[in-house]
Amino acid sequence: MTGIINTSQFILVSCVIEKARLTPQQAESENPYHLALGFCLESLYEFLAEERQEDRVTHVVVERRGRREDDELELEFRRLCDGHNRLNKAFNFDIRFADKKANSAGLQLADLVARPIGLHILRPEQNNRAFETLKQKFYCQGGRQNAGVGYEQWGLKRFPQKSEEPR
């Protein structure tokens with residue numbers, strides 16, 4: 001698996017919501033899935049803007065979770081794309097829902113990277129070879145020449161942020 005990740009060309013954008021660290025007000029008012037969606041869409045937009053591709057339609061594929069959840073997520077997606085986001089920009093994104101049974105390579109890759117990323121946040125002292133491989137794939141400050149560094153709060157969003165993190 002490490003060889004496949006190393007030789008595959010992709011940029012990774014992810015978000016970890018640490019539910020246990022949310023304030024009672026945040027936990028009550030904020031849907032963690034919607035928070036993560038917003039952070040990831042903002043990073044995706046910033047990456048596309050760097051590549052001068054932000055005006056092109058970008059399809060965002062999300063895994064189906066259930067009718068009600070999908071409807072709520074689509075509503076939040078459209079709200080974010082209409083400019084109700086941290087950047088105050090309209091995003092030229094289109095949402096696509098895929099069933100897990102579709103056997104999408106992209107959704108499988110998302111499943112594969114989720115666990116090492118989560119473990120890195122929850123247990124940073126634990127050895128995590130998979131995460132060490134993924135570090136080279138994160139969207140990062142300073143572009144690809146800085147791969148493996150400068151990815152925190154860029155390609156790896158964390159909420160709530162640790163107090164010393166500026167972005």
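Q: Is Thr133 buried or exposed?
A: Burial is judged from relative accessible area, and a residue counts as buried under 20%. In this predicted model, Thr133 has a value of 13%, and is therefore buried. Thr133 lies in helix α6, which spans residues 129-134.

Q: Which residues is Thr133 in contact with, leaving aside its neighbours within four places in sequence?
A: Contact is read from heavy atoms within 4.5 Å. By this reading, Thr133 is in contact with Thr2, Ile5 and Asn6.

Q: Where is Ile121 found, and what does Ile121 touch beyond residues up to four places away in sequence?
A: Ile121 is part of helix α5, residues 105-122, and is buried because its relative accessible area is 6%. Beyond those sequence neighbours, Ile121 touches Val16, Glu18, Leu156 and Arg158. Ile121 and Glu18 are 103 residues apart along the chain, yet 8.6 Å separates their C-alpha atoms.

Q: How many salt bridges does a search of the whole structure find?
A: Side chains of opposite charge can pair when their charged atoms come close. The search finds 13 salt bridges. One of them joins Lys100 and Glu63, with the closest N and O atoms 3.4 Å apart. This pair links distant parts of the chain: Lys100 is in the loop between β3 (93-98) and α5, while Glu63 is in strand β2 (residues 58-63), 37 residues apart. Lys100 is exposed at 51% relative accessibility, whereas Glu63 is partly exposed at 23%.

Q: What is the relative accessible area of Asp70, the salt-bridge partner of Arg64?
A: Asp70 is buried, with a value of 6%, whereas Arg64 is partly exposed at 43%. The closest N and O atoms of Arg64 and Asp70 are 3.3 Å apart.

Q: At roughly what angle do the axes of helices α3 and α4 cross?
A: A helix pair is described by its axes, its handedness and its contacts. The axes of α3 (residues 32-50) and α4 (residues 67-81) come within 10 Å and cross at roughly 35 degrees. The crossing of α3 and α4 is right-handed. Residues of α3, including Tyr33 and Leu41, meet residues of α4, including Glu72 and Leu80.

How values were computed
Residues numbered from 1 in each chain as written. Predicted model: local features only at pLDDT ≥ 70, side-chain atom pairs only at ≥ 80, totals over all residues. Heavy atoms only, no water. Helix = DSSP H or I, 4+ residues; strand = E, 2+ residues; numbered from the N terminus. Buried < 20%, exposed > 50% of the residue type's maximum accessible area, 1.4 Å probe, protein only. Axes fitted to C-alpha atoms, helices over the stretch in contact; angles between N-to-C directions. Left-handed = near helix turned anticlockwise from the far one by under 90°. Salt bridge = Lys/Arg side-chain N within 4 Å of Asp/Glu carboxyl O.
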